[in-house]
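Subject: Structure handover

Hello,

Here is the structure I promised to pass on. My notes on it follow below.

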Amino acid sequence: MGDKIKVLMVDDEEKFRSTTEKILQRKGFDTVLAASGEEAIGKLDEHPDVVILDVKMPGMDGHRALEEIKKHSPDLPIIMLTGHGALPSAKEALQKGAFDYLAKPCDINILTGKIEDACRHAEDPKAFEEKRVMGVMVPLQEYTMIGSEENVRDAIFKLKASFMLSISTSRIMETGHRSVLVMDNRNNVQGILAIRDLLELFLPSYLTAPKPSMADSIQYSPMFWQGMFIKEVKQKSDIKIKNVMSPAPLTIEGTASLMEAAYMMMKNSARRLVVEVAGKVAGVIREQDLFFEMEKILRER
């Protein structure tokens, strides 16, 4: 590959081709244009470094063109352009060997970033190797679980046990789980009970409900809080888990990337995700698992 990255842009829309070509050239790329899958096959003799390939085209569509290009140049990275909401099509493209896919219309900075990533990957595939979610999750058998018919007392003792330093198959668990998974008899996740759920349970309702006018002054009395915590913990320890648990966490595929996990956590204000492999619960990935992986990446540089 020369100093400039050569991009083969394949799209049947003339306006899209010409506009994208001008932008890519301004950003320092060489461009080769093709209006169809058939034309793209013929342009492979110009030795592009990356192919940008639209999925929906008359004649040879993007999926067929992808297969033909891979037969001719197996190592040539191909970025697919898909219509909005065409996720099944995008997944099919990845299964057939596409490097990545983007939805149209796409941000030009994202597109150029993908082009550069594709070239780096072609030169050194190991540079992009990283663990998947299943590689950093806590396996289900090592996570704290409880039945929905058990009570709060059982949950507290099980949570306490999770804070004991335990050896995992791949690492020492630096922190407790801070939650228990609530499971049914088929090993499906019904919900989750976190420390925050317990704090909310033990907080007397009159502290959060609208107060009578004198309540504010009582609150600042030294005796107002005395013995309250002990009383609430003891009185509510027999409540069943199913009555206080939170909904089950969102699920993520074990083969998903760590960035996908981070995005889901941030977007949904979630501290943990349930990991599924082949449709079955396999473990839990927590925000601290991603944090430990950050530290490991920097330590191994």
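Ser179 sits in strand β8, which spans residues 179–183; strands here are DSSP E runs of at least two residues, helices are H or I runs of at least four, and both are numbered from the N terminus. The model is predicted, so local features need pLDDT of at least 70 and side-chain atom pairs count only at pLDDT 80 or more, while totals for chains, interfaces and linings use all residues. Residues are numbered from 1 along each chain as its sequence is written, and side-chain values use heavy atoms, with hydrogens and water left out.

Ser179 counts as buried because its relative accessibility is 0% (buried is under 20% relative accessible area, exposed over 50%, partly exposed in between, with a 1.4 Å probe and protein chains only). Its side chain makes polar contacts with the side chains of Tyr143, at 2.5 Å, and Arg272, at 3.1 Å. A polar contact is a pair of N or O atoms within 3.5 Å; within protein, one must be able to donate a hydrogen and the other to accept it, and residues adjacent in sequence count only if both atoms are side-chain atoms.

Two or more lining residues come from each of β9 (189–194), α8 (195–202) and β10 (246–247), with α8 giving the most, 4 residues. By class, the lining has 6 nonpolar, 3 polar and 6 charged residues (Ala, Val, Leu, Ile, Met, Phe, Trp, Tyr, Cys and Pro count as nonpolar, Asp, Glu, Lys and Arg as charged, the others, Gly among them, as polar).

There is 1 cavity of 30 Å³ or more.

On terms: using a 1 Å grid over the protein atoms alone, a cavity is a set of points where a 1.4 Å probe fits but cannot get out; a pocket is an open set with protein on both sides within 12 Å along at least five of seven lines; lining residues have an atom within 4 Å of a point. Points are joined across faces, edges and corners, and a volume is the space filled by probe spheres set on them.

Regards
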